[in-house]
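Let's take a friendly walk through a protein model.

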Amino acid sequence: MTIMSSLSPRALSAPESGIVEVVNYARGREGLIPLWVGEGDLPTPDFISRPAAEALAAGETFYTWQRGIPPLREALVRYYQRRFQKTLSPENFYVAGSGMQAIKLAIEAITSPGDEMILLTPAWPNFAAAADLSGARPISVPLHFANGKWRLDLDRLEAAIGEKTRALFINTPSNPTGWTASREDLAAILALARKHGLWIIADEIYALYYYLGGRAPSFLDIAEEDDRILFVNSFSKNWAMTGWRVGWIVAPPAMGQVLENLIQYSTSGVAQFMQRGAVAALDEGDAFVDENVARARANRDHFCDALIATNRVETLKPEGALYAFLKIDGIANSRQAVIDIVDKTGVGLAPGTAFGKGGELFMRACFLRDPAQIAEAAERLRAYILAR
């Protein structure tokens, strides 16, 4: 028996990231404009880093609260009061080692091996992979794409619900499409969940990156106290903290001990000094977040307008999130196309093949970067498209 053949089938089935594949192919090239991963180019601001560094220097390096330090959970209460007009309790919040871990823990909390979890695709590939690794089966329900816009097909969603369905995974605003559920969409999804006795895992990480004004509609706007909804989120996008790996779950307090146990047996909690930085992000970071959102909106407009003007790109400006999901005339294989594009233009894109059903013909570009870089990337891609 070889080393590889002795590994578990679950581990062996974990797919290589189609995004990381192209990053590894072209990382470090001179003149590269990397729009392939979902992060901005700003470092974490000092008002966040400083309290973390001070706490580290002060010796806050011991085991800590599994659910998160009380000041962070209290700061999350204040954040939801300000941004979501929702009064929650510290007992609703559980701090995780990244948004990715929050997703994994949420799936593990509500599914058993053999259960099914429905997700709307195209979708960030980690959603389905996390389900697979937890023993649940991800079921893809593609969004409908027409006239440059993505829409939810509610009949298709309900038709996918079966005896083994345990949860609906809803990411809105969506990575990679930018599709943003309306309040009516959310009400219809919640009605389906109630009708069939399903959980909803709501990934609302991009809720503040909403370009129609204010924040995006949330299940928090319509949910009742006994609805089965877990919210997963992260400090990564709003506060330029992608490398910190700090996230959170919003859950019914009755689940507290279950989630604490899952945290205990995975990471045993997030470093306390990092949580001090997260408190500062929530309490002092509104202006920084608003500036980031305004920057993303301006970049979205410039980037998308330049490419749409070629009349070769079948994509409208997204309503939310950080991505242009581009469908370029004549491109039938996005995996091959992103390699060709990075070779010929130096612009790094993520292939739509990485995002599941419905994404095969598309390419994702993250526009949360320096406006000059976004303008240059748009010009390089425009020239590439017109030369085809």
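## Two helices side by side

Helices α3 and α10 are roughly antiparallel to each other (an angle over 145 degrees, on a scale from 0 to 180 degrees between N-to-C directions). The axes of α3 (residues 46-57) and α10 (residues 272-284) cross at roughly 150° and come within 7 Å; an axis is a line fitted to C-alpha atoms over the stretch in contact. Helices here are DSSP runs of H or I with at least four residues, and strands are E runs with at least two.

Which residues in α3 meet α10? They are F47, I48, P51, A52, A55 and L56, which meet F273, R276, G277, A280, A281 and E284 in α10 (contact means heavy atoms within 4.5 Å). By class, this contact has nine nonpolar, one polar and two charged residues.

## About the model

This is a predicted model, where local features need pLDDT of at least 70, side-chain atom pairs count only at 80 or more, and totals for chains, interfaces and linings use all residues. Residues are numbered from 1 along each chain as its sequence is written, and side-chain values use heavy atoms, leaving out hydrogens and water.

## A seven-stranded sheet

Seven strands make an open sheet with mixed pairing, in the order β2-β10-β9-β8-β7-β3-β4. Two strands pair if DSSP finds at least two bridges between them. At the edges, β2 (93-96) and β4 (137-142) each pair on one side only.

Inside the order, β8 (residues 199-203) and β9 (residues 229-234) pair in the parallel sense over four bridges. D203 stands opposite V232 in β9.

Note on methods:
Parallel < 35°, antiparallel > 145°, perpendicular 65-115°, else oblique. Nonpolar A, V, L, I, M, F, W, Y, C, P; charged D, E, K, R; others polar.
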